[in-house]
Amino acid sequence: MNHSEEFKKEKSKNFIYEIIEEDIRTNKWGGRVHTRFPPEPNGYLHIGHAKSICLNYGIAKDFNGKFNLRFDDTNPTKEEQEYVNSIIEDVKWLGADFGDKIYYASDYFDQMYEYAVQLIKKGKAYVDDLDPDLMKEYRGTINEPGKESPFRNRTVEENLELFERMRKGEFKEGEKVLRAKIDMSSPNMLLRDPVMYRILHASHHRTGNKWCIYPTYDWAHGLEDSIEGITHSICTLEFEIHRPLYDWFLDQLGIYHPQQIEFARLNLSYTVMSKRKLLELVQNGIVDGWDDPRMPTISGYRRRGYTPEAIWNFAEMIGVAKRDALTDIALLEYAIREDLNKKAQRIMGVLKPLKVVIVNYPDDFVEELDAINNPEDASMGSRKIPFSKEIFIEQTDFMENPPKGYHRLVPGGEVRLRYAYIIKCEEVIKNNKGEVVELRCTYDPDTKSGIGKSDKKVKGTIHWVSAKHSINCEVRLYDRLFSVEDPSADKEKDFKEFINPNSLEILENAKLEPFVLNARPGDKFQFERLGYFCVDSKYSTKDKLVFNRTVTLKDTWAKSINKK
């Protein structure tokens with residue numbers, strides 16, 4: 001299934017769509033629309049990248065254009081094949097169809113080198129011997145112009161020879177760089193003779209040891225777009241200041257020139273989106289890898305039980321803006337609730353079980369009761385659930401001294417069991433610590449759901465599972481990884497100080513109805529009254545299922561914040 005198809009309904013217009021519509025009207029690109037998603041393979045993709053994928057692929061789809069997946073693999077010291085593989089999997093999972101070909105910046109290294117030679121011959125690039133500290137000093141400040149390197153006026157012949165020797169590996173790292181010759185007094189610091197190539201004696205995951213000089217992002221980015229015939233190079237807002245450099249390189253070379261357009265990146269509350277910070281969380285063991293369900297990575301959301309459709313819906317809801325803003329994570333949680341409400345199989349599960357013995361129910365009798373699989377979708381049908389003398393209910397569904405408004409089970413009180421009968425608590429059994437370990441109840445056989453003969457009404461209905469038939473599972477209750485809205489806002493503190501200590505609670509003794517016995521990794525369920533859960537793809541085994549909580553049924557976090 002192509003997950004983007006569902007979202008071609010009435011899209012809200014944004015300024016990028018308006019630019020493209022005008023370009024088509026004026027035949028600017030010969031009627032073509034060609035976008036790309038160009039990640040660096042130095043980490044896993046996160047929800048911000050998902051927004052970019054949805055935007056770029058959505059544009060290509062909506063305007064019958066083309067879409068490229070291209071790896072900007074210009075830094076071998078930080079890139080790994082693991083990241084390449086994960087990115088391909090994530091883009092496919094989101095439903096962005098990039099065709100049969102994957103593009104790589106490294107495919108163009110030879111062409112980029114020839115372009116650099118062209119600039120040297122035009123007197124627009126030179127080999128510089130300044131060390132990094134001196135180069136920074138020479139660059140000046142925002143208020144003071146820079147000064148020219150003493151090596152800036154080398155002859156074309158000398159620069160060509162030195163650049164060739166750089167390529168052959170005759171110099172150490174940091175000994176020389178190739179710089180563009182632009183304007184050391186430009187108010188845009190990026191135009192003060194930026195570095196085009198640096199020496200890195202590092203093996204590349206695709207080109208091996210062929211190269212020991214590698215292009216910088218600013219030099220490579222526009223060339224990649226040009227070579228691939230991209231029409232609209234859509235970047236996040238921080239690249240707006242880079243656009244004059246993007247334009248300068250392409251204009252000086254006189255080659256095909258795409259249009260760069262910037263939009264505001266996604267910033268999500270209670271989340272960090274920096275790949276550097278996410279890598280820190282992984283390397284410090286704060287999370288269980290890049291695909292930890294608390295991480296904002298696409299693989300983390302997938303493992304947590306999110307769907308591509310929910311992420312596409314979220315991207316459509318937040319829209320495309322020109323200014324940075326903090327998006328409330330509750331909106332993303334709303335998107336997944338809305339999607340799973342329509343799709344998820346309902347089951348009953350007890351996370352923290354309390355044993356209930358129905359003393360007047362026949363000892364060895366088992367009833368099969370009818371339960372609806374999803375009230376939002378009649379085509380999902382119904383299932384049978386076993387009911388017997390001993391059941392489990394949630395510990396929180398019983399209180400000895402309840403507050404006002406508590407409508408669940410209390411001593412001497414009655415409650416309805418979902419799909420079953422009304423029961424009454426007759427006796428409370430405690431251990432030697434005074435903890436409630438068992439309830440003795442009676443049931444009213446005339447109150448069976450659907451066909452009951454009694455008109456008896458009770459205010460509360462609770463879920464349950466048959467003790468004899470229940471499946472023992474591990475359930476992982478995931479919550480937000482950070483306890484503050486913007487973990488990176490306080491520049492005086494390490495963002496890791498704001499880790500939410502309650503972001504994961506592992507329950508090893510949860511009881512689920514037998515319907516889940518044949519569940520497979522990735523299967524999604526609504527545990528009635530509790531939330532949405534999915535079978536974990538990492539730790540589930542044939543002998544023990546592990547469920548991850550995707551999201552609660554309601555935004556309980558907002559309620560807890562409001563109480564403070």
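Pro386 touches Val366, Glu367, Trp464, Ser466, His469 and Pro514, leaving aside residues up to four places away in sequence. Contact here means heavy atoms within 4.5 Å. Pro386 sits in strand β16, residues 382-387. Helices (H or I, at least four residues) and strands (E, at least two) are DSSP runs, numbered from the N terminus. Pro386 counts as buried, at 12% relative accessibility. Buried means under 20% relative accessible area, exposed means over 50%, and partly exposed is in between, with a 1.4 Å probe and protein chains only. From Pro386 to Leu162 there are 224 residues in sequence and 80 Å in space, C-alpha to C-alpha.

A word on what you are looking at. This is a predicted model, in which local features need pLDDT of at least 70 and side-chain atom pairs count only at pLDDT 80 or more, while totals for chains, interfaces and linings use all residues. Residues are numbered from 1 along each chain as its sequence is written, and side-chain values use heavy atoms, with hydrogens and water left out.

Now the whole chain. The protein chain has 13 helices and 27 strands. Along the principal axes, its C-alpha atoms fill a box of roughly 100 × 55 × 45 Å. Of its 564 residues, 53% count as buried. Take the contacts between residues at least 6 apart in sequence: 72% of them join residues at least 24 apart.

Where is Val415? Val415 is in strand β18. Its relative accessibility is 0%, so Val415 counts as buried. Among the residues that Val415 touches, not counting those up to four places away in sequence, are His407, Leu409, Tyr421, Ile423, Val458 and Ile462. Val415 and Cys425 are ten residues apart along the chain, and their C-alpha atoms are separated by 8.7 Å.

The structure holds 27 aromatic pairs. Rings of Phe, Tyr and Trp (its six-membered ring) pair if their centres lie within 6.5 Å; planes under 30 degrees apart count as stacked, over 60 as edge-to-face and the rest as tilted. Tyr83 and Trp290 have ring centres 5.9 Å apart and planes at 80°, so this pair is edge-to-face. Tyr83 is in helix α3 (residues 81-94), and Trp290 is in the loop between α9 (275-283) and α10 (298-304), so the pair links distant parts of the chain, 207 residues apart. Tyr83 and Trp290 are both buried.

The rings of Tyr421 and Tyr443 also make an edge-to-face pair, because their centres are 4.9 Å apart and their planes are at 80°. Tyr421 lies in the loop between β18 (414-417) and β19 (422-430), and Tyr443 lies in strand β20 (residues 436-443), so the pair ties together parts 22 residues apart in sequence. Are these two buried or exposed? Tyr421 is buried, with a relative accessible area of 4%, and Tyr443 counts as buried at 14% relative accessibility.

Rings can also form groups. Phe109, Tyr113, Phe163, Tyr197, Trp211 and Tyr214 form one aromatic cluster. Thr74 is in the loop between β2 (66-71) and α3, and Thr74 is buried, with a relative accessible area of 5%.

On to one helix. Which residues of helix α8 (residues 243-253) are buried? They are Leu245, Tyr246, Trp248, Phe249, Leu250, Gln252 and Leu253. An α-helix has 3.6 residues a turn, so residues three or four places apart point the same way. The cover over the buried residues of α8 includes α4 (109-121), β5 (177-180), β6 (195-199), α7 (217-228), β8 (232-236) and β9 (259-263). After α8 comes Gly254, whose phi is positive, near 65°.

Last, two backbone angles. Most residues other than glycine have a negative phi, and most peptide bonds are trans. Asp193 has a positive phi, near 50°. Asp193 is in the loop between β5 and β6 and is buried, with a relative accessible area of 0%. Tyr270 has a positive phi too, near 60°. Tyr270 lies in the loop between β10 (267-268) and α9, and is buried with a relative accessible area of 11%.
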